[in-house]
Each structure stands twice: as structure tokens, then as C-alpha cells.
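I opened this model to look up a handful of local features, and I am keeping my notes in the order in which I went through them.

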Amino acid sequence: MASSSRQIPRYLTLAGACALASAMAIGAAAAQDAAAQSQGQRDAAEAARQLAAGEADEPTVLSAPKPDDRRVYVQDPAHFAAISQQFAIDGETGRVVGITDGGFMTQPLSADDGSFIAQASTVFSRIARGTRTDYVEVFDPQTFEPTADIELPEASRFLIGTYQWMNALTPDKKKLLFYQFSPSPAVGIVDLENKKFDRMVDVPDCYHIFPATPSVFYMNCRDGSLARVDISGGEPKVTNTEVFHGEDELLINHPAYSMRAGRLVWPTYTGKIFQMDLTGDKATFREPIEALTAEERADNWRPGGWQQTAYHRASDRIYLLVDQRDQWRHKSASRFVVVLNAATGERISKIELGHEVDSINVSQDAEPLLYGLSASAQTLYIYDAASGKELRNVTHLGRGPQVLTTHDMGS
């Protein structure tokens with residue numbers, strides 16, 4: 001039996017081909033867009049799909065992965081705002097895995113073994129005025145739920161720009177030490193093990209706190225020496241080291257200190273670096289090294305930023321944030337990092353960051369990451385510390401992030 005066939009009009013053939021091509025193009029664009037999305041965006045899209053399909057009607061709060069050496073914390077004082085934030089970031093993936101809130105000029109601390117994070121904070125009964133309360137919080141690093149909330153009675157901590165070593169944990173992680181400026185210099189002791197404020201101890205007119213043992217810490221004094229403070233007895237015992245820098249050798253406010261190594265790395269405004277090895281018995285001073293050549297210093301290269309130096313314990317390397325700048329611009333952001341052999345002073349590399357960076361730190365694993373934080377861009381840039389290659393970045397980190405802290409879990 002014969003059957004008749006009708007020819008499809010040409011305009012319909014062309015329309016179908018165009019529709020197919022458009023569908024293919026849209027599909028390719030969608031695939032390209034999906035590939036360009038961050039993991040967080042993909043997770044959010046999948047969660048939205050499940051919710052629309054009725055597969056996930058109840059909210060679920062997940063725990064973060066266990067912290068490792070590549071976990072980095074970004075503290076945002078928010079330009080002296082009454083409320084601050086801290087972001088916990090997985091340096092390997094660039095994902096924000098948790099956030100903690102704090103009050104005014106919150107001071108972050110992280111246990112070297114990753115067992116907890118803490119912060120010393122201040123709030124007022126009327127947000128930015130009223131009755132003042134100083135307190136210490138301890139958080140679980142996976143749930144970010146507080147495990148301790150310790151009020152500091154009649155013990156006002158020093159409120160100044162967030163400097164990393166104005167507060168510290170002792171090496172056994174049982175005490176938190178904080179600095180008090182008024183009515184006289186003192187260091188407050190918080191008993192984390194029993195979750196209570198312990199006492200204040202009077203100290204000389206010295207600053208920063210560098211614990212060497214559970215009962216001995218060092219401070220930097222106005223005469224250019226370090227004060228060794230022993231709090232093992234009822235009254236503190238204070239002795240001073242030799243004077244290690246002159247009046248014209250001005251130290252930056254953010255030294256790097258590895259408690260596990262007992263190494264203090266302290267640059268000056270011009271890039272001269274002092275190094276000290278701190279033990280319970282004494283401080284030993286190494287020969288200073290110069291991070292910048294004479295030609296660079298003559299060409300106005302200087303350290304600059306907020307948190308300008310970092311130390312990698314396993315490789316014994318120093319990282320210093322530098323750029324060309326006028327004198328007294330040492331708080332301005334920089335675009336370069338010089339990497340030095342801490343033992344010899346030899347320059348290993350000079351990394352061009354590609355961004356204006358205010359603060360740096362390094363992870364303490366065998367193949368470290370270099371972290372560069374921009375306060376103005378509210379962005380953390382993550383680099384391979386050996387090659388200087390930018391690997392990833394994390395954006396939208398508050399309003400004025402400044403301080404980077406890490407764990408040090410390695411052997």
C-alpha cells in the first residue's frame with residue numbers, strides 16, 4: 001500500500017534548527033556558568049532545588065570540618081565598630097566554614113593544636129555607650145558554639161587597634177593572658193581550665209605578651225629590653241634582658257611569634273629584623289638581619305601594612321610585607337612579600353602579590369600557603385608560599401578585616 005508523504009516547509013526546518021542551536025548554546029552557557037560558580041554557590045543552588053522539590057523542608061546546621069594547619073581565621077574589627085566578626089576559612093578550598101560574633105575591638109586567639117578558638121571582647125549596655133563589660137569566650141572550632149563565657153570583673157582590658165600579641169594563650173592552653181593599660185600596666189590571667197577569671201599581676205611599663213612556658217612570659221619594654229615575667233608564685237618576678245635595639249630602631253607593632261619554636265621575629269620600620277629565642281630560663285638574641293638591600297632602602301622600600309610579618313617554623317623562613325613608600329607610611333598596604341632564610345638572612349624570593357595587602361600569615365604545614373588580607377577589598381588572597389602563585393580568594397569578609405590567625409599542629 002502506497003503512503004503519501006508531505007514535505008516539511010523550509011521555514012519550519014530552519015526554525016527547528018535555530019531552536020536546537022539555541023538550546024545547545026543555552027545548555028553550554030549554563031554548564032559554563034556552573035563551572036564558574038564557587039562551591040558555596042553550587043551548594044546554595046542544590047539546596048534551593050531540594051527545597052523547591054520538597055526534599056528538604058527542615059533547616060540543618062552542619063558542623064565544620066576538623067581544623068587543620070590550613071585553617072585561617074580572619075578578624076574584622078570593622079573600623080572600630082561596636083560589633084565585630086571573625087571568619088573561619090578552609091585555606092585549602094577557600095570556603096568560609098564558620099563565623100563568630102564579638103564586641104568592640106575583639107581580640108582573637110587560636111590554640112596551636114586546633115582544639116579551640118577564643119576571643120577577648122568588650123560590649124556596652126547601650127551598644128556604643130553605657131555600662132562596659134569585658135569578657136572571654138571560648139568556642140568549639142567545628143560547631144562554633146561557645147564552651148565558656150568568662151566575665152572579667154573590674155579588669156578592663158587594653159582597647160587599642162587589634163594587635164595579635166596584646167593577648168596570648170599559655171603553651172599548655174590552660175590560661176589566657178590579656179594586657180591592661182589603665183590604671184597601671186598589668187597582665188590579667190584567665191583560668192580557662194576552670195572557666196573563671198584568676199587575677200591581675202602588675203608588670204613594668206612594657207607591652208605585648210610572649211609566653212614561653214605556662215608560668216613565664218616576655219614583654220617588650222620602653223628601654224629596648226625584654227622583661228621576663230614569672231607568675232609561678234604569689235607575686236610576679238620580673239627581670240630584664242639586655243637592651244637589644246636602639247631608640248632610633250623603631251619596632252613595628254605586629255611581630256611574629258612561634259610559641260612552639262619559642263622564636264620571636266620583630267622587624268623595624270626600615271626592614272631590619274631582630275630575632276630572639278625565648279625559653280623559661282632566658283632570652284637569646286640572634287644577629288639581626290636586613291630584609292631589604294641597601295639599594296632598596298635608598299629607593300624607599302620599607303615594610304608596610306597592619307600585620308606585616310609571618311614566620312614558618314618548619315622551614316625557618318620569614319615573610320615580610322614590603323613596598324616603596326614615604327617615611328611614616330608603615331601602616332599603608334603593600335604589594336610585595338620578601339621571603340628570607342631566618343638563619344642566614346639570605347633572600348629566597350620576592351613575591352608580587354598583585355593586590356594591595358594589609359596583613360599576611362602562613363600556614364604551618366610542610367607545603368605552606370601564604371595568606372594576604374586586604375582591608376579595603378574585604379578579601380583574603382591565598383597563594384602558594386613557594387611559588388607565589390595566587391590559588392584562590394575569599395571575598396565579602398566584613399567591613400575592614402585586619403588580623404589573621406592560624407593553628408600550628410605540625411611535629
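Predicted model: local features only at pLDDT ≥ 70, side-chain atom pairs only at ≥ 80, totals over all residues.

Entry 1: I began with helix α2, which takes in residues 39-52, and asked what its 14 residues should span at 1.5 Å a residue. Just after α2, I found Gly 54 with a positive phi of about 75°.

**Entry 2: backbone angles elsewhere.** I then turned to the loop between β1 (71-76) and β2 (84-90), where His 79 is found. His 79 has a positive phi of about 55° although it is not a glycine, and with a relative accessible area of 56% the residue is exposed. Phe 80 lies in the loop between β1 and β2 as well; its phi is near 65°, again a positive value in a residue other than glycine, and Phe 80 is exposed at a relative accessible area of 55%. I also looked up a cis peptide bond, which joins Ser 182 and Pro 183 with omega at about 10°. Pro 183 belongs to the loop between β9 (175-180) and β10 (186-191).

**Entry 3: aromatic rings.** With ring centres required to lie within 6.5 Å, the count comes to 12 aromatic pairs. One of them is formed by Phe 210 and Tyr 257, an edge-to-face pair at 5.5 Å centre to centre with 70° between the planes. Because Phe 210 lies in strand β12 (residues 206-211) and Tyr 257 in strand β16 (residues 256-258), this pair ties together parts that are 47 residues apart in sequence. Are its two members buried or exposed? Phe 210 has 0% relative accessibility and counts as buried, and Tyr 257, at 8%, counts as buried too.

I next examined Tyr 269 and Trp 328, an edge-to-face pair with 6.0 Å between centres and 80° between planes. The pair links distant parts of the chain, 59 residues apart: Tyr 269 is in the loop between β17 (263-267) and β18 (272-278), and Trp 328 is in the loop between β23 (317-324) and β24 (334-341). Trp 328 is exposed, its relative accessible area being 56%. Separately, I recorded one aromatic cluster made by Phe 158, Tyr 179, Phe 181 and Tyr 207.

**Entry 4: lysines over rings.** I found Lys 331 over the face of Trp 306, at 4.7 Å from the ring centre, and Lys 350 over the face of Trp 301, at 3.5 Å from the ring centre.

**Entry 5: cavities.** A search of the whole structure gave 2 cavities of 30 Å³ or more. The largest cavity has a volume of about 510 Å³ and is lined by 31 residues, of which Gln 164, Trp 165, Tyr 257, Met 259 and Thr 406 lie nearest its centre. Among the elements that give two or more residues to this lining are β4 (107-110), β16 and β30 (403-406). By class, I noted 14 nonpolar, 13 polar and 4 charged residues in the lining of the largest cavity.

The second largest cavity holds about 60 Å³ of space. Residues including Met 105, Arg 157, Phe 158 and Asn 167 line this second cavity, and its lining divides into 5 nonpolar, 5 polar and 1 charged residues.

How values were computed. Residues numbered from 1 in each chain as written. Heavy atoms only, no water. Helix = DSSP H or I, 4+ residues; strand = E, 2+ residues; numbered from the N terminus. Expected span 1.5 Å × (residues − 1). Phe/Tyr/Trp six-rings, centres within 6.5 Å; stacked < 30°, edge-to-face > 60°. Buried < 20%, exposed > 50% of the residue type's maximum accessible area, 1.4 Å probe, protein only. Lys NZ or Arg CZ within 6 Å of the ring centre and 35° of its normal. 1 Å grid on protein atoms, 1.4 Å probe; cavity = no way out; pocket = protein on both sides within 12 Å on 5 of 7 lines; lining within 4 Å. Points joined across faces, edges and corners; volume = space filled by probe spheres on them. Nonpolar A, V, L, I, M, F, W, Y, C, P; charged D, E, K, R; others polar.
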